[in-house]
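Open the model in your viewer and keep the selection panel at hand. The stops below go from rings to charges to backbone.

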Amino acid sequence: LQRGVEITPNAHVRRGALRRITRSDLRKCQQARCRGTSPAEIGPAGEVLIGGHNVGRLEGLVFTAEATGEKLAGRALRGAALKALRPVIERRLAIIAHSPDTDLSFDPATATIISDGAPVAKLAAATNWHTPNVELLGARDASAASRDAALERLVRWFADHTRATLPALHDLRAHLDGTAIRGAARGTAFQLLETGAAFDRRATTHARQQPPLSPEDRAMLNAAGVKAGRVAAWLPGLLKPAAARLALALRAVHSGQPPRESPTQSSFPLANDQWPELMLWTAGYLRVGPRAVRADIAERLMASLSQVRRGSETSAFPVPPELAAQLGCPIAEFPAILRGLGLKPAEKDRETGAVKLWRFPTQRSSEPAKAPRNGHTAPPAPPPSGPFAILAELVAPQPIRHRKRRRHKRPAVASPKAAT
């Protein structure tokens with residue numbers, strides 16, 4: 001028995017445990033050692049054959065042994081299979097290191113890189129959501145040089161793949177690295193780089209309303225490929241199906257959430273499928289009432305409503321039901337969409353309660369500041385802008401406490417009458 005068992009120095013083997021090793025186990029160990037010297041054959045379905053015996057399955061660079069038990073025979077079979085598969089895995093790593101771009105692909109559903117029909121690497125979260133890390137799957141027993149060469153090729157391919165699929169995002173980052181975008185436009189561009197395809201500019205979704213964009217700001221954003229309106233800012237290049245699929249996969253890896261299918265319709269209901277806000281923005285959609293509406297469609301609807309308002313003689317105006325066709329939503333959900341865009345009911349039908357006339361909310365001006373005692377008014381402070389403007393909203397200003405002056409009491413003076 002001692003001649004067929006290898007005992008390591010750190011192993012603590014009881015005498016009773018040695019009795020459990022049968023002659024059948026020793027015979028399997030000897031056969032496994034003999035198989036380890038035989039070359040491994042890979043079947044059409046990935047099965048690994050050593051000496052005519054099926055010892056497991058090889059998918060990509062990951063080997064799964066058939067003998068999964070912790071007995072001596074199972075460990076010996078796994079060791080023999082890994083020893084025989086080492087040249088096979090080395091050859092596969094060399095093929096990956098020299099593979100052309102056409103032999104590699106990306107699977108958004110699993111966030112893995114595919115080579116020869118099998119996953120060979122996966123994405124891992126990094127600091128930025130749009131530049132994840134790439135990690136090899138399997139091949140742990142291969143040489144470090146082979147692993148590094150294959151990983152370097154996969155990293156370079158995925159960087160080229162994201163640059164080709166998300167050119168609008170990379171162009172925006174290149175514009176932000178320079179000084180072409182300034183002021184409020186730069187803050188909008190930074191927010192869009194962090195959110196993805198779109199982000200909401202409505203006052204109801206933030207602590208305060210987004211700073212207004214001047215025509216010069218909009219011109220700088222247009223030069224960077226960004227569209228900004230009253231409701232949203234978005235990147236039209238990221239609304240394409242292929243770009244949206246890749247962006248959602250990158251966002252899922254960064255946030256640790258399960259991947260989602262890229263929506264293709266103008267709007268879809270959110271009742272049965274609760275999307276996180278950041279995932280919606282990455283896909284290019286806004287939460288408007290009970291539905292998610294694509295950013296450019298929401299902005300187009302807002303422009304149509306403004307045109308109807310300008311054609312009305314009063315501030316209250318009827319909304320044509322044909323506008324619901326722009327969203328592709330049922331007519332019963334259209335009033336909730338209008339409320340989500342900020343419109344207010346101006347007149348309702350007394351019998352049915354349906355809204356007949358709508359109006360835009362009034363823009364309330366802030367209270368004027370008190371004039372100082374000298375009569376000179378200070379100029380108004382400019383609105384905060386830049387990438388850190390949103391952080392200032394999270395810090396509540398501390399009220400200024402005026403220190404009260406302490407009055408000293410004078411000692412009481414005795415009157416002459418009291419002295420007498």
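Which residues form one aromatic cluster? Select Phe106, Trp157 and Phe158: together they make up that cluster. This is a predicted model, in which local features need pLDDT of at least 70, side-chain atom pairs count only at pLDDT 80 or more, and totals for chains, interfaces and linings use all residues. Residues are numbered from 1 along each chain as its sequence is written, and side-chain values use heavy atoms, with hydrogens and water left out.

**Rings.** The structure holds five aromatic pairs. Rings of Phe, Tyr and Trp (its six-membered ring) pair if their centres lie within 6.5 Å; planes under 30 degrees apart are stacked, over 60 edge-to-face, the rest tilted. Zoom in on Phe106 and Phe158: their pair is tilted, 5.3 Å centre to centre, with 55 degrees between the planes. Phe106 sits in strand β5 (residues 104–107) and Phe158 in helix α4 (residues 144–165), 52 residues apart. Helices (H or I, at least four residues) and strands (E, at least two) are DSSP runs, numbered from the N terminus. Both phenylalanines are buried.

**Charges over rings.** Here NZ of Lys or CZ of Arg is within 6 Å of the ring centre and within 35 degrees of the ring normal. Select Arg251: it lies over the face of Trp129, 4.3 Å from the ring centre. Next, Arg260 lies over the face of Trp275, at 4.9 Å.

**Backbone.** Go to Ala111, in the loop between β5 and β6 (112–115). Its phi is positive, near 55 degrees. Asp116 is in the loop between β6 and β7 (118–124). Its phi is also positive, about 60 degrees. Buried or exposed? Buried means under 20% relative accessible area, exposed over 50%, partly exposed in between (1.4 Å probe, protein chains only). Ala111 has 10% relative accessibility, so it counts as buried. Asp116 has 76%, so it counts as exposed.
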